[in-house]
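Let's sit down with this fold and learn to read it piece by piece. Keep the picture open while we talk.

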Amino acid sequence: MYKLIRQDDLDAMINQHSRFLLYKNSTTCPVSTEAFEEVRSYSEEDEALPVAYLHVQEAREASDYAANYFDVRHKSPQILLVENGSCSWNASHWHITADAIRSVAEK
């Protein structure tokens with residue numbers, strides 16, 4: 001998993017990976033903690049897509065940039081599937097499960 005802190009970090013992910021997951025996490029939310037474990041579980045699979053994450057409280061600029069760049073209203077926890085620089089799928093809160101991520105990642 002790649003930790004993003006700055007807007008430049010997200011730009012680098014977009015430039016280096018044609019397909020990846022972006023997870024936006026709140027460090028103070030119990031739902032985010034559960035979702036982060038689901039994302040981590042998925043990321044440890046052999047065929048997992050690259051996963052980038054950011055902690056919203058630490059990386060507010062990057063989080064806002066992602067919301068604007070991908071034209072996806074900010075929520076946290078939130079996960080986005082990025083394909084060729086665009087968001088093709090997103091989910092938030094209890095919809096973030098390893099199974100849900102796996103089902104869209106395998107397409």
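**Reading the fold**

From the N terminus on, the protein chain runs β-α-β-α-β-α-β-β-α, where helices (H or I, at least four residues) and strands (E, at least two) are DSSP runs numbered from the N terminus. This is a predicted model: local features need pLDDT of at least 70, side-chain atom pairs count only at pLDDT 80 or more, and totals for chains, interfaces and linings use all residues. Residues are numbered from 1 along each chain as its sequence is written, and side-chain values use heavy atoms, with hydrogens and water left out.

Q: How many helices and strands does the protein chain have?
A: Four helices and five strands.

Q: In what order do the strands sit in the sheet?
A: Strands of a sheet pair through backbone hydrogen bonds, either parallel or antiparallel. Here the sheet is open, with five strands in the order 1-3-2-4-5 and mixed pairing; two strands pair if DSSP finds at least two bridges between them. At the edges sit strand 1 (2-3) and strand 5, each pairing on one side only.

Q: In which sense do strand 4 and strand 5 pair?
A: Antiparallel, over six bridges. To find your way along the pair, look for Leu81 opposite Trp89 in strand 5, and for Ile79, whose bridge partner in strand 5 is Ala91. The hairpin of these strands has two residues between them, and Asn84 takes a positive phi near 50 degrees there.

Q: What about helices: which residues of helix 3 are buried?
A: An α-helix has 3.6 residues a turn, so residues three or four places apart point the same way. In helix 3 (residues 60-70), the buried ones are Ala62, Ser63, Tyr65, Ala66, Ala67 and Phe70. Buried means under 20% relative accessible area, exposed over 50%, and partly exposed in between (1.4 Å probe, protein chains only).

Q: What do the buried residues of helix 3 pack against?
A: They pack against helix 1 (7-16), strand 2 (19-25), strand 3 (51-55), strand 4 (78-83) and strand 5 (86-92); contact means heavy atoms within 4.5 Å. Just after helix 3, Asp71 takes a positive phi of about 55 degrees.

Q: Is Gln78 buried or exposed?
A: In a regular strand the side chains alternate between the two faces of the sheet. Gln78 is found in strand 4, and it counts as buried because its relative accessibility is 1%. Its side chain reaches the backbone oxygen of Arg73 at 3.0 Å. Residues touched by Gln78 include Leu22, Tyr23, Val72, Asn90 and Ile96.

Q: Why is Tyr2 classed as partly exposed?
A: Because its relative accessible area is 41%. Tyr2 has its place in strand 1, and among the residues it touches are Met13, His17, Pro50 and Tyr53.

Q: Finally, what share of the protein chain is buried?
A: Buried residues make up 48% of the 107 residues. Along its principal axes, the C-alpha trace spans about 30 × 30 × 20 Å. Among contacts between residues at least 6 apart in sequence, 62% join residues at least 24 apart.

Conventions: A polar contact is a pair of N or O atoms within 3.5 Å; within protein, one must be able to donate a hydrogen and the other to accept it, and residues adjacent in sequence count only if both atoms are side-chain atoms.
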